[in-house]
Amino acid sequence: MRKLGIVSFILFSCLFCASFAATINQAELYHRHSSLQWQWAMSALEKNPMQDHARVLDVGCGDGKITAALAEILPEGYVIGLDLSPQMIAFASKTFTSPRNLLFLRGDARALPFDKQFDWVVSFCTQHWILEQEMALRSMHESLVEGGKILIVTLAPSPNNLGPQCQRLAHSEKWSQYFPNFKPTRLYLTATAYRELLQKTGFDSIVIEETPSVTTFANREAFRQWLKPLVSCSTHLAVDLQEAFLTNLVDLMLQAEPPAADGTIDIHDLKLEITAQKSPLQDI
Ligand SMILES: C[S@@+](CC[C@H](N)C(=O)[O-])C[C@H]1O[C@@H](n2cnc3c(N)ncnc32)[C@H](O)[C@@H]1O
């Protein structure tokens with residue numbers, strides 16, 4: 001009976017992961033084309049210094065470079081990077097073998113396997129990849145010690161967000177035959193929605209900074225390379241179709257934000273930097 005319970009749990013977890021979550025499988029490519037994400041994380045970390053002995057969980061650690069940098073700056077603490085993508089975790093584990101206070105784990109942000117273990121839970125450019133955001137915030141809350149903090153960098157809704165543009169293209173006359181069951185894989189929430197969710201999931205001292213951001217790409221090819229590993233909705237297609245979809249997606253996004261005369265491309269986003277603290281236990 002107990003065995004049956006464990007088997008059902010594993011089956012349920014696999015189905016849950018396979019059917020609703022989008023991940024990045026091109027770890028090497030992401031590693032080479034994610035300097036923007038690196039800059040956003042470093043800027044948020046500079047504003048939120050952590051104690052040398054801090055225990056930190058990095059949710060959606062991706063290729064692991066930010067997690068590894070964190071472990072370097074917290075020599076007396078430890079840092080665990082967690083990501084749902086097996087390719088990302090394999091890449092991070094083989095690329096960042098030191099320092100010794102660093103570990104990478106495959107896991108799901110919606111069901112973190114920790115209980116009151118971390119002083120900080122950080123998450124960079126990942127929250128909008130998770131449709132069940134409340135589950136993820138609750139799970140972060142459970143992973144924190146009393147008084148522990150979260151630091152999240154994510155995207156708010158803006159006109160050229162990748163998720164809705166993928167959806168628009170997938171529903172177009174040309175592409176709808178390849179996406180009979182298209183399901184959105186991103187959820188962009190406003191600062192107000194995050195504030196409400198954080199209050200609901202047991203956080204206080206909530207600070208949310210919303211900043212318009214402009215990223216300049218040298219040319220169309222540079223933009224395409226940056227975008228490529230992030231397009232998770234077309235990975236079920238043959239490689240040549242994935243490339244064709246990407247070309248059309250670049251066209252669509254550049255219709256919204258056309259290149260300048262010198263070929264450079266400015267992409268506008270709305271960045272959210274969120275910090276909050278796990279509320280202290282209420283006296284009974
Ligand atoms: C844009 S990358 C960000 C990686 C890294 N934090 C950075 O800033 O470079 C988003 C990451 O979230 C991961 N991801 C998506 N859904 C997830 C989930 N439910 N649990 C854990 N990781 C998830 C993806 O596999 C991907 O590596």
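Against which helices do the buried residues of helix 10 pack? In this predicted model, the buried residues of helix 10 pack against helix 7 and helix 9 (220-227).

**Figure 1. Packing of helix 7 (residues 162-170) with helix 10 (residues 239-256).** The two helices pack at an angle of about 120°, and their axes lie 10 Å apart. The crossing of helix 7 and helix 10 is right-handed. Helix 7 contributes Gln-165, Cys-166, Arg-168 and Leu-169, which meet Phe-245, Asn-248, Leu-249, Leu-252 and Met-253 of helix 10. Six of the residues in this contact are nonpolar, two are polar and one is charged.

**Figure 2. Buried and exposed residues of helix 10.** Phe-245, Leu-249 and Met-253 are buried. They lie on the same side of helix 10 because they cover an arc of only 70° around the axis. An α-helix has 3.6 residues a turn, so residues three or four places apart point the same way. The face of helix 10 turned away from its buried side carries the exposed residues Asp-240, Thr-247, Asp-251 and Gln-255. The end C-alpha atoms of helix 10 are 26 Å apart, in agreement with the 26 Å that its 18 residues should span at 1.5 Å a residue.

**Figure 3. The cis peptide bond from Ser-98 to Pro-99.** Omega for this bond is near 0°. Pro-99 is found in the loop between helix 5 (86-95) and strand 3 (102-106).

**Figure 4. Positive phi at Lys-116 and at Ser-205.** Lys-116, although not a glycine, has a phi of about 45°; Lys-116 is located in the loop between strand 3 and strand 4 (118-124). Lys-116 counts as exposed because it has 12 C-beta neighbours inside 10 Å. Ser-205, also not a glycine, has a positive phi of about 45° and lies in strand 6 (residues 203-217). With 12 C-beta neighbours inside 10 Å, Ser-205 counts as exposed.

Terms used. Residues are numbered from 1 along each chain as its sequence is written. This is a predicted model: local features need pLDDT of at least 70, side-chain atom pairs count only at pLDDT 80 or more; totals for chains, interfaces and linings use all residues. Axes are lines fitted to C-alpha atoms, for helices over the stretch in contact, and angles run from 0 to 180 degrees between N-to-C directions. Helices (H or I, at least four residues) and strands (E, at least two) are DSSP runs, numbered from the N terminus. A crossing is left-handed if the near helix is turned anticlockwise from the far one by less than a right angle, and right-handed if clockwise. Two residues are in contact if their C-beta atoms, placed from the backbone, lie within 7 Å. Ala, Val, Leu, Ile, Met, Phe, Trp, Tyr, Cys and Pro count as nonpolar, Asp, Glu, Lys and Arg as charged, and the others, Gly among them, as polar. The expected span of a helix is 1.5 Å times one less than its number of residues. A residue is buried if 20 or more other C-beta atoms lie within 10 Å of its own, exposed if 12 or fewer, and partly exposed in between; C-beta atoms are placed from the backbone. The arc is that of the directions from the helix axis to the C-beta atoms.
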